[in-house]
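Work through the exercises below with the sequence and the model open. Try each task before reading its solution.

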Amino acid sequence: MKILILTILFLTFNSCDGQTIYEMNKAELKSCRTCRLKKKNPNPNQDWVQTDLNRYLKMVNPISELEPVISEYLIVYPSLLTGKGNASSKTVELLDDLKLISHDFYGGYTSFNLNLLIYNDLIIYSRLNTEVEENVFENIYLKKITIPLTCSGADMEYFKIHNKNLEEYKRKYPNFTLEIDINKYTTDELNAYYNLNEVEYNLGAYQVDEYYPHLANGFIKTLLKQKKYEVLEKLLFGINPVGRIYSFSALNIAMNDGYKPRNEIINQMKKVKENGLKFKSGLNSSHSETTDFDFTNKLNFN
């Protein structure tokens, strides 16, 4: 399962050991077992190749230099909020003034996905994924990419947390966290936190599908059995509304087993119970979608 990047390195074109961005990206691609090239293309379509290269030069490489505000991103990604043209876009309204924008733009052999977690006009984090298709990525595209990439499932990605914006958001919501100390928590706790604190693969009108009950059974139930409640408390204030519901349900069960929550946890549990069971998803290309869904009927930790 996909885990959020825990540490972001701010790299210049040359790293401290003399490697270039290209050399580091090539080493990352080579070590990435999940995005190994599936087939070779001895004669790639040059029009498609050029379309992709234009995307890398104009819409991928510039991301590291952009100020983390929506108005700045619109200059490079003009269809970010509309999905017009050779692109698509979806904006999901989360809880506590957060929104997630998922923007896809397309090339020849490659498609790109940009995810932005935003608070008002401020971007808290940006994640840009590029597909790794055929050998043209390694042999041609990789040489033109000037930002550091990391392996992410079947893709390569650029991910950055914008700390000033995060700190501004935390002044209003001080219990919110994006990352936790990997040296402080067990593997079970880290898996629970980073898998249930994502929203990017559960877009649309929120509902508990087959994926999320699996997470509850594999992670939440394990933490309950181990009586490890700190990560569950953090998820109660997390990004993912479904993760909040699972945390609320788990901590409610834990109270019957001697767990005594602090006042701020009690207040947040009340907030989640009263306001966190229904979500509205917003712009999806040219139409909007809303839903009311009672998650409590779907939860079962027994």
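**Exercise 1: Confidence**

The mean pLDDT (the predictor's confidence in each residue, from 0 to 100) of the chain is 82, and 79% of its residues reach 70 or more. This is a predicted model, in which local features need pLDDT of at least 70 and side-chain atom pairs count only at pLDDT 80 or more, while totals for chains, interfaces and linings use all residues. Residues are numbered from 1 along each chain as its sequence is written, and side-chain values use heavy atoms, with hydrogens and water left out.

Task: find where pLDDT stays under 50 over residues of the chain.

Solution. Step 1: residues 1–16 stay under 50, and the model has 42 contacts beyond four places in sequence for them; contact means heavy atoms within 4.5 Å. Step 2: residues 203–210 also stay under 50, with 29 such contacts. Step 3: where pLDDT is low, the predicted coordinates should not be read in detail.

**Exercise 2: The fold in totals**

Task: state how many helices and strands the chain has, and what share of its residues is buried.

Solution. Step 1: there are 10 helices and eight strands, taken as DSSP runs (helices H or I, at least four residues; strands E, at least two) numbered from the N terminus. Step 2: of the 302 residues, 50% are buried; buried means under 20% relative accessible area, exposed over 50%, and partly exposed in between (1.4 Å probe, protein chains only). Step 3: take the contacts between residues at least 6 apart in sequence; 64% of them join residues at least 24 apart.

**Exercise 3: The disulfide**

Task: locate the disulfide and describe the setting of each cysteine.

Solution. Step 1: a search of the whole structure finds one disulfide, defined as a pair of cysteine sulfur atoms within 2.5 Å. Step 2: C32 and C151 form the link, with their sulfur atoms 1.9 Å apart. Step 3: C32 lies in the loop between α1 (21–31) and α2 (46–60) and C151 in strand β5 (residues 150–152), so the pair ties together parts 119 residues apart in sequence. Step 4: the link is right-handed, with 40 degrees about the S-S bond. Step 5: C32 counts as buried at 2% relative accessibility, whereas C151 is partly exposed at 28%.

**Exercise 4: T130**

Task: is T130 buried or exposed, and which side chain does a polar contact join to that of T130?

Solution. Step 1: T130 lies in strand β4 (residues 122–131). Step 2: its relative accessible area is 4%, so T130 is buried. Step 3: the side chains of T130 and Y56 are joined by a polar contact of 2.6 Å. A polar contact is a pair of N or O atoms within 3.5 Å; within protein, one must be able to donate a hydrogen and the other to accept it, and residues adjacent in sequence count only if both atoms are side-chain atoms. Step 4: beyond four places in sequence, the contacts of T130 include F112, F137 and L149.
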